Amino acid sequence: MNAAFYLAAAVAVTATVLTITRTSAVHALLYLVVSLLAVAVVFYVLGAPFAAALEVIVYAGAIIVLFVFVVMMLNLGEAAAAEERRWIAPRYWIGPAALSALLAAELCYLYVSGAAQPSGGAVRPTVVGAALFGPYLLAVELASMLLLAGLVGAYHIGRHLFADGAARAGPDGPRGE
């Protein structure tokens with residue numbers, strides 16, 4: 001089980017470093033998905049399958065869909081379309097696919113061998129909910145207020161940009177007007 005933990009942690013760190021160092025947003029998103037899946041495997045190995053499921057559903061699912069939506073919204077026309085066609089080339093998918101295959105093989109091995117059984121028992125969702133609404137209530141509320149402030153700030157910045165016409169203008173001037 002220690003080997004599985006260290007392997008998943010190494011994949012997570014590698015994918016995170018590759019996420020940070022990529023200049024293309026799509027490539028960074030691919031590596032970010034791999035990083036989040038690796039963290040989910042780490043949670044599973046540590047005996048927290050509920051946290052692993054939440055990691056996959058919330059982060060690797062919903063948040064990445066949001067990021068992909070933003071990348072699609074920032075599409076700048078024909079030059080961006082040509083670059084996206086170049087991204088489809090298989091050589092760009094080798095790194096994320098190899099790291100994902102490594103994680104999938106590790107997870108299959110852990111499931112078949114039964115090595116990932118938690119020593120102290122699995123944490124139930126009711127315990128997580130009781131902790132979030134008990135001693136950690138203040139931290140949860142502060143995090144929600146921070147997210148709300150970010151949402152309101154993004155709305156106001158976006159509203160002013162669109163009102164000024166700056167967001168619609170690309171490198172060659174206004175688009176589609």
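Helix α2 is followed by G47, a residue with a positive phi near 90°. The structure is a predicted model, in which local features require pLDDT of at least 70 and side-chain atom pairs count only at pLDDT 80 or more, whereas totals for chains, interfaces and linings use all residues. Residues are numbered from 1 along each chain as its sequence is written, and side-chain values use heavy atoms, with hydrogens and water left out.

The protein contains seven helices and two strands, where helices (H or I, at least four residues) and strands (E, at least two) are DSSP runs numbered from the N terminus. The order of the elements from the N terminus is α-α-α-α-α-α-α-β-β. Of the 177 residues, 20% count as buried; buried denotes under 20% relative accessible area, exposed over 50%, and partly exposed the range in between (1.4 Å probe, protein chains only). The accessible surface of the protein amounts to about 11,900 Å², and carbon and sulfur atoms account for 73% of this area. With contact defined as heavy atoms within 4.5 Å, 65% of the contacts between residues at least 6 apart in sequence join residues at least 24 apart.

The largest nonpolar core has 14 residues, and V11, V34, L99 and L103 have the most contacts inside it. Helices α1 (2-21), α2 and α5 (94-113) each supply at least two residues of this core, and the largest share, six residues, comes from α2. Such a core is a set of buried Ala, Val, Leu, Ile, Met, Phe, Trp, Tyr and Cys residues joined through side-chain atoms within 4.5 Å. When neighbours within four places in sequence are left aside, V11 is in contact with V34, A38, L99, L102 and L103.

S35, in helix α2, counts as buried because its relative accessibility is 6%. Residues up to four places away in sequence not being counted, S35 touches A12, A15 and T16. L32 also belongs to helix α2 but is partly exposed, with a relative accessible area of 21%. L32 is in contact with T19, I64 and F67, apart from neighbours within four places in sequence. The C-alpha atoms of L32 and V17 are 9.4 Å apart, at a sequence separation of 15 residues. V13, in helix α1, is exposed, with a relative accessible area of 54%. Between V13 and A38, 25 residues apart along the chain, the C-alpha separation is 8.8 Å.

F67, a contact of L32, lies in helix α3 (residues 49-73) and is partly exposed at 35% relative accessible area. F67 contributes, together with L66, V68, F69, V70 and M72, to a nonpolar surface patch of about 530 Å². Patches consist of residues with over 30% relative accessible area and no salt bridge, like charges being joined within 9 Å and nonpolar side chains (Val, Leu, Ile, Met, Phe, Trp, Tyr) within 5 Å. A salt bridge places a side-chain nitrogen of Lys or Arg within 4 Å of a carboxyl oxygen of Asp or Glu.

Terms used
Accessible areas come from the Shrake-Rupley method with a 1.4 Å probe; for residues, only the protein chains shown count as cover.
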